[in-house]
Amino acid sequence: MPLASVIFYFSQQGSTKKIAEKIAEGLNQGENRCELVRFTKLTKDLEMIKNFDFSKYSLIGFGTPVYYFYPPHHLFKVFESLPDLSHVNGFLFCTSGGNPGACLYKIKNILDKKGFKIIDGYDKWIGLDQHRCYSHFKESALPSSLGHPNPGELAEAKEFGKNLIHKTLDPNSPEKKDFWSKDNKWAEGGWKGRSEPFMEKWFPEFKLNEEKCTQCGKCAELCPVDAIVLDPYPQWVKDCDRCYLCDLYCPEQAIECDWSKQCAFMDNILKRAKKK
Ligand SMILES: Cc1cc2nc3c(=O)[nH]c(=O)nc-3n(C[C@H](O)[C@H](O)[C@H](O)COP(=O)(O)O)c2cc1C
Ligand code: SF4
Ligand code: SF4
């Protein structure tokens, strides 16, 4: 019987999307069929999951970018909302700037509770790494990931997809458990919910230059957690993933955050690394 699979992925800047599409291409061999579902906005995604018929598939994949060594914060809620998945095999993947930290391990921990059997996972694909903070570094730029995912990585993703077919059809395929599990110490203080608002404290406040802002709404549109409301200018109404893509993609550069503290911190780390 042909293999029916589905890949759920989140991708703000397009790299994880490219990898997901290549894995799907690999899974779409012969009669086998793979569908792609993109997570976009938390409220919409939770509703979609509630109505999704997971019983149609014998393989389910989840893909995400890495944000601060973890999956983007709001995806924890998405994974927690999934139903029992004990009937199905699964796989995990992410794209990062080269340091995926505990990203897949964190997802695995939640999906273990859903009875999900993970038969494969990969966290080495590199995506175009852009963050608002980077342009401010004085000492040295971080390694550039321009051009990633590159043709070699895309071919590897397709191969990964192809290999998943026989791994899924083989009832003796072992469970994959060896995800890098050491929680990053720096990130460990965060992500514990609003009682410990680590991200709010560590990252800059959102500052809007009303003279530059045209109230176009692009920032609110791209925010995955609807943290921005136009009234009539953008207001940040709740804590969020701190991706700063609202800032990066504002066509008027109207969002002016003060990164000096964070850049001094990163400059120090880079200086120490250079000395070693
Ligand atoms: C807010 C933010 C945090 C990030 N944190 C990390 C990180 O901890 N480690 C890393 O290697 N890359 C990090 N990156 C880079 C992204 O994981 C990488 O660019 C990813 O491929 C983006 O996926 P997308 O294009 O599908 O959105 C970060 C990027 C952003 C925007
Ligand atoms: S994207 Fe920029 S210009 Fe448009 S509403 Fe947001 S802050 Fe204003
Ligand atoms: S940084 Fe901006 S786009 Fe990203 S989650 Fe927060 S408000 Fe939304």
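**Ligand shells and parallel sheet in a predicted model**

The shell around ligand 1 divides into 8 nonpolar, 14 polar and 2 charged residues (Ala, Val, Leu, Ile, Met, Phe, Trp, Tyr, Cys and Pro count as nonpolar, Asp, Glu, Lys and Arg as charged, and the others, Gly among them, as polar). This is a predicted model, in which local features need pLDDT of at least 70 and side-chain atom pairs count only at pLDDT 80 or more, while totals for chains, interfaces and linings use all residues. Residues are numbered from 1 along each chain as its sequence is written, and chains are lettered from A and ligands numbered from 1 in the order in which they are written.

**Ligand shells**

- Around ligand 1 there are 24 residues (C-beta atom, placed from the backbone, within 6 Å), of which Ser11, Gln13, Thr16, Pro65 and Gly127 come nearest.
- H1 gives the largest share of the shell around ligand 1, 3 residues.
- Ligand 3 is surrounded by 14 residues, the closest being Cys223, Ala227, Cys240, Cys243 and Cys246.
- The shell around ligand 3 holds 12 nonpolar, no polar and 2 charged residues.

**Sheet**

- An open sheet of 5 strands has the order S2-S1-S3-S4-S5 with parallel pairing (at least two DSSP bridges between two strands).
- Strands S2 (33–39) and S5 (117–126) stand at the edges with a single partner strand each, so one side of each lacks a neighbour in the sheet.
- Strand S1 (residues 4–10) pairs with S2 in the parallel sense over 7 bridges, and tyrosine 9 stands opposite arginine 38 in S2.

Definitions and conventions. Helix = DSSP H or I, 4+ residues; strand = E, 2+ residues; numbered from the N terminus.
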